[in-house]
Amino acid sequence: MRSFFAAAALALCIGAPGAAQDDAGFQSFLQQVRQRALAEGVTARTLDQTLPTLTFNPRVIALDRSQPGGNPNAPPSAIPAFAPYRLKHVDADRINRGRAKYQALRPLLARVEAQTGVPESIMVAIWGHETNYGAYTGDFDLVRSLATLAYEGRRRELFTGELIATFKMMDRGIPRSTLKGSWAGATGYPQFLPSIYLRLARDGDGDGKADIWTSDADALASIANYFVNAGWRPGRPWGVPASAPPYLDRTAVDAKVTAPRCPRVHDRHTRWLTVAEWRSKGVTQTGGPRLRDDELVTLLEPDGPGATAYLLTGNYRVILDYNCSNFYALSVGLLADAVAQAS
């Protein structure tokens with residue numbers, strides 16, 4: 001049996017009565033958005049030029065539903081192994097391209113790190129993971145995608161807010177032709193949501209604009225500013241590889257507090273202990289910069305006991321703030337370490 005959204009997509013394509021009904025609902029919703037946007041300071045000119053051009057995009061809904069957690073009726077899936085993900089995302093091509101960017105942009109990167117405390121290699125690694133160093137930033141029309149996601153309703157408040165933020169970007173003079181990105185509304189080299197752009201995008205080259213779509217300097221300065229805002233602590237690594245013994249009592253070090261944001265991600269971490277306390281339990285660091293004995297860290301074993309483990313500092317949580325996925329955050333940290341070897 002076709003799903004509701006598949007049927008709706010078909011109706012939109014062939015002009016069936018359901019298409020007109022769905023389009024009428026979409027247009028009615030956009031008028032509600034218009035009133036809220038005006039109340040939040042968006043100009044009538046931007047809304048008059050944009051809203052009449054918008055149509056519902058069923059492909060965006062299909063992509064949303066295909067994501068983990070995108071279908072509320074789907075059973076929870078098992079967590080896959082990290083090793084295959086690492087091979088795909090911290091591969092030789094991405095490392096080599098990252099090292100080339102790192103060397104080419106050293107003066108800029110060094111200046112931003114001096115200003116923010118965010119390591120050069122972390123900035124480059126985020127850029128590499130998000131858009132393969134700007135090679136692909138997405139080609140979805142942000143306004144249409146966000147309007148569609150807001151209308152669908154599963155995360156209406158989130159996407160309505162992002163849609164209005166996009167209108168505010170247009171009011172600032174950013175043309176709609178520039179506002180392309182992922183189906184979920186992320187845009188530019190750092191893949192910022194519009195609300196993040198408004199809050200945290202920075203001018204890194206001194207031309208008076210925060211151009212995260214074509215300017216390496218602006219994109220990297222904006223990434224660094226995001227990390228500062230999220231609480232990055234200078235002079236500390238994100239984490240280090242470690243070895244945990246088979247006799248470690250893992251139930252005794254389980255986290256006791258449920259994280260308010262993406263708890264399934266944080267549930268895989270242990271409670272915080274000092275490096276010295278972990279050593280007393282047989283957990284030893286096997287690489288990376290030497291951690292202080294009094295450094296508070298948490299243990300993550302992404303592939304289970306017997307495989308490589310990681311001792312993670314508070315800076316790892318900052319990477320999670322950018323994208324709340326252990327696999328993503330680990331890969332960013334590992335890519336950053338590999339890129340930094342070019343220095």
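This report looks at one helix and at the aromatic pairs of a predicted model.

Residues are numbered from 1 along each chain as its sequence is written. In this predicted model, local features need pLDDT of at least 70 and side-chain atom pairs pLDDT 80 or more, while totals for chains, interfaces and linings use all residues; side-chain values use heavy atoms, without hydrogens or water.

**Helix 8**

Helices are DSSP runs (H or I, at least four residues), numbered from the N terminus, and strands are runs of E (at least two). Helix 8 covers residues 120–131. The expected span is 1.5 Å times one less than the number of residues.

Eleven of the twelve residues are buried (under 20% relative accessible area, with a 1.4 Å probe and protein chains only; exposed is over 50%, partly exposed in between). Among them are W127, G128 and H129. The buried residues pack against helices 5, 6, 7, 12, 15 and 16 (contact means heavy atoms within 4.5 Å). N132 follows helix 8, with a positive phi near 50°.

**Aromatic pairs**

Rings of Phe, Tyr and Trp (its six-membered ring) pair if their centres lie within 6.5 Å; planes under 30 degrees apart are stacked, over 60 edge-to-face, the rest tilted. The count is 18 aromatic pairs. W238 and Y316 have ring centres 6.4 Å apart and planes at 35°, so the pair is tilted. W238 lies in the loop between helix 12 and strand 3, Y316 in helix 15, 78 residues apart. Both residues are buried.

| Residue | Relative accessible area |
|---|---|
| W238 | 3% |
| Y316 | 0% |

F192, Y226, F227, W232 and Y322 form one aromatic cluster.
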